[in-house]
Amino acid sequence: MDGARSPEQAPGQSAAEYPGQPAELFPEQLPDLFPQLFGEPSRQPSRQPSLGQPPGPSLGQAQRQRAEPAPGVVLLPDWLSPAEQREMVAACREWARPPAGMRTVRLPRGGVMSVRMVCLGWHWYPYGYARTVVDGDGAPVKPFPPELVELARRALADAYGTTAGGTGEREIVGAAGYAPDVAVINHYPHGAKMGLHRDREERVDAPVVSLSLGDTCVFRLGNTETRTRPWTDLELRSGDLLVFGGPARFAYHGVVRTLPGTADPGLGLVGRLNLTLRQSGLG
Ligand SMILES: O=C(O)CCC(=O)C(=O)O
């Protein structure tokens, strides 16, 4: 954990957190699909069952049951109901609007992230947090809504229990003591991915709560030491909850690919959305 960082840290530090091939990992030439986040529900055929129907077999998760792929990591499939998913997509659409709306993120070494991002509570930029969109329109970041605090606590309680306790290496905060104040919301247009990195701009080691919406993705959960193996590839579908805390809090992770067209058309979303809820410790 790099606790010495300032919330207004100048861009350009810790660039090594993202891999050294930005052009490949964050392709600049993607078509501009951002408006589709605001589009009407798609009529394209889905490769996945409708929301609410039992999902079929899938990559690495034939039975779609609770999984603990590493100490401190819990995957709860279909955690958000179809109605909750639709509400969340609608909320993201509002949060994505300017000012302080969804933006393209430029990395200090010249790469451009292929995801589009909007933040609540604190604004994440490479590589720090600020109260304003220091690498965009300069507007104050939108507030972190209380309902996301409740949702994140429910997520933690379902993943770890209400009093999480120790994992042998690191104490995990209980649900009641969890005080998330940052949401990083990423939109993955078709073809977008995210290189292996660690979430380490936060000053405390409280768990990260991750919610997936829309297209299925292959999420790579690595180790805490290097970007190389060992890693585990997990399939994350719309509505899935992934929590990583304890010994996995600072594990490398990323999104290898999304599977275009796997979202339910009724969700009204092209591509994939991911929300990570985090406790910054910035006060
Ligand atoms: O999209 C995901 O599932 C992962 C997002 C992520 O790694 C991040 O926001 O730091």
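Ala, Val, Leu, Ile, Met, Phe, Trp, Tyr, Cys and Pro count as nonpolar here, Asp, Glu, Lys and Arg as charged, and the others, Gly among them, as polar. The model is predicted: local features need pLDDT of at least 70, side-chain atom pairs count only at pLDDT 80 or more, and totals for chains, interfaces and linings use all residues. Residues are numbered from 1 along each chain as its sequence is written.

Around it (C-beta atom, placed from the backbone, within 6 Å) are Val184, Asn186, Met194, Asp199, Ser210, Phe219, His253, Val255, Asn274 and Thr276. Strands E9, E15 (253–258) and E16 each give two or more residues to this shell. By type, the shell has four nonpolar, five polar and one charged residue.

Next, select strand E11, 208–214. Strands (E, at least two residues) and helices (H or I, at least four) are DSSP runs, numbered from the N terminus. Seven of the seven residues of E11 are buried, so the strand is largely enclosed by the rest of the structure. Buried means 20 or more other C-beta atoms within 10 Å of the residue's own, exposed 12 or fewer, and partly exposed in between, with C-beta atoms placed from the backbone.

Six bridges join E11 to E16, antiparallel, and Ser210 has Thr276 as its bridge partner in E16. Four bridges join E11 to E14 (residues 241–244), also antiparallel, with Val208 partnered by Phe244.

Finally, select helix H2, residues 82–95. Gln85, Met88 and Cys92 are buried there. The exposed residues Ala83, Ala90 and Glu94 lie on the face turned away from the buried side.

Methods. Expected span 1.5 Å × (residues − 1). Contact = placed C-beta atoms within 7 Å. Pairing = 2+ DSSP bridges.
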